Amino acid sequence: MTPHRLVLWDIDQTLVDLSGVGAQWYRTALSAATGVELREQPYFAGQTERAITTDILTRHGIDVTEDTIAKMWASLIDISERALPTLTQLGRALPGAAAALSTVAGLGGIVQSLVTGNLPEISRHKLSAFGLHAHVDFEIGGYGSLSAHRPDLVPHAVAAASAKHGIEFAYSSVVVVGDTPNDVAAALDHGAVAVAVATGKYTADELRDAGAHTVLVDLADTNAVHSALLGTVV
């Protein structure tokens, strides 16, 4: 079946809850990569890895170079890989996440991938730890290594999906799912469908005010998820 819809999932506080893990990992990575101890940390929700890394280096008076960023990311990937066996003890899959991914996959004609602030390797670690990786095409995701600006990640994922499947995904057939106003903005900036879940730091009202087309309390109601992701197919 020729795909007709592209669903791009956020990870943190949308599919999984690993609250506090990122700050711990950055503390270790900063020390390993630069020898500097973490004194301040930025706001994580809705940010990309490039934005977070740049912010942390700047806050600590460290020159922001591609070499230093690469060292930080290599450390983060190593830390997440070593943490993989214990991630289920540090967090949880959010209600309905597994069912949502499997149900959408079973409908046919839908490609599922990611628009996430995480690095590709960390994305795979976080999802595979909770058994949420099987229906996600990691090859075509928009990842936080690409840009400090989250809206930049969406066209990358769309272009990669279009190239892989030999079709042109119109933005009206692209759904971006996330838990922050930044996720909503990433969709709206390109004319994609914004589906927000109020499972993170932002309330349903705040996500509606940001312009989300649909706001869900969580992913537990599979019928509501189905309607939100597929109800606007054109």
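## Helix packing, sheet and salt bridges in a predicted model

The axes of helix α1 (residues 21-34) and helix α2 (residues 49-59) come within 12 Å and cross at roughly 60°. That angle makes α1 oblique to α2, and the crossing of the two is right-handed. On the α1 side the contact is made by Tyr26, Leu30 and Thr34, and on the α2 side by Glu49, Ile52, Thr53, Ile56 and Leu57. Sorted by class, the contact of α1 with α2 has five nonpolar, two polar and one charged residues. The structure described here is a predicted model, and every value in this report is computed from it.

Another helix pair is formed by α5 (residues 97-107) and α10 (residues 222-230), whose axes come within 10 Å and cross at roughly 55°. Helices α5 and α10 are therefore oblique to each other. The crossing of α5 and α10 is right-handed. Helix α5 contributes Ala99, Ala100, Thr103, Val104 and Leu107 to the contact, while α10 contributes Thr222, Val225, His226, Leu229 and Leu230. The residues of the contact of α5 with α10 comprise seven nonpolar, three polar and no charged.

Helix α3 (residues 66-83) packs with helix α6 (residues 120-129) at an angle of about 15°, the axes being 9 Å apart. With angles under 35 degrees counted as roughly parallel, this makes α3 roughly parallel to α6. The crossing of α3 and α6 is left-handed. Leu76, Ile77, Ser80 and Glu81 of α3 meet Glu121, Ile122 and His125 of α6. In this contact of α3 with α6 there are three nonpolar, two polar and two charged residues.

| Helix pair | Axis separation | Angle | Handedness of crossing |
|---|---|---|---|
| α1 and α2 | within 12 Å | roughly 60° | right-handed |
| α5 and α10 | within 10 Å | roughly 55° | right-handed |
| α3 and α6 | 9 Å | about 15° | left-handed |

Lys71 and Asp67 are separated by about one helical turn, because they lie four residues apart in α3. Side chains of opposite charge can pair when their charged atoms come close. A search of the whole structure finds 11 salt bridges.

The strands are treated next. Five of them form an open sheet in the order β4-β1-β5-β6-β7, with parallel pairing. Strands β4 (110-114) and β7 (214-216) stand at the edges and have a single partner strand each, so one side of each is left without a neighbour in the sheet. On average, neighbouring strands of this sheet are turned by 20° against each other, direction ignored.

Within the sheet, strand β1 (residues 5-9) is joined to β4 by five bridges, and the two run parallel. Trp9 stands opposite Leu114 of β4. Helix α7 (residues 153-165) lies across β1, β4 and β5 (174-178), and runs at about 140° to β1.

Notes:
Residues numbered from 1 in each chain as written. Predicted model: local features only at pLDDT ≥ 70, side-chain atom pairs only at ≥ 80, totals over all residues. Heavy atoms only, no water. Axes fitted to C-alpha atoms, helices over the stretch in contact; angles between N-to-C directions. Parallel < 35°, antiparallel > 145°, perpendicular 65-115°, else oblique. Left-handed = near helix turned anticlockwise from the far one by under 90°. Contact = heavy atoms within 4.5 Å. Nonpolar A, V, L, I, M, F, W, Y, C, P; charged D, E, K, R; others polar. Pairing = 2+ DSSP bridges. Salt bridge = Lys/Arg side-chain N within 4 Å of Asp/Glu carboxyl O.
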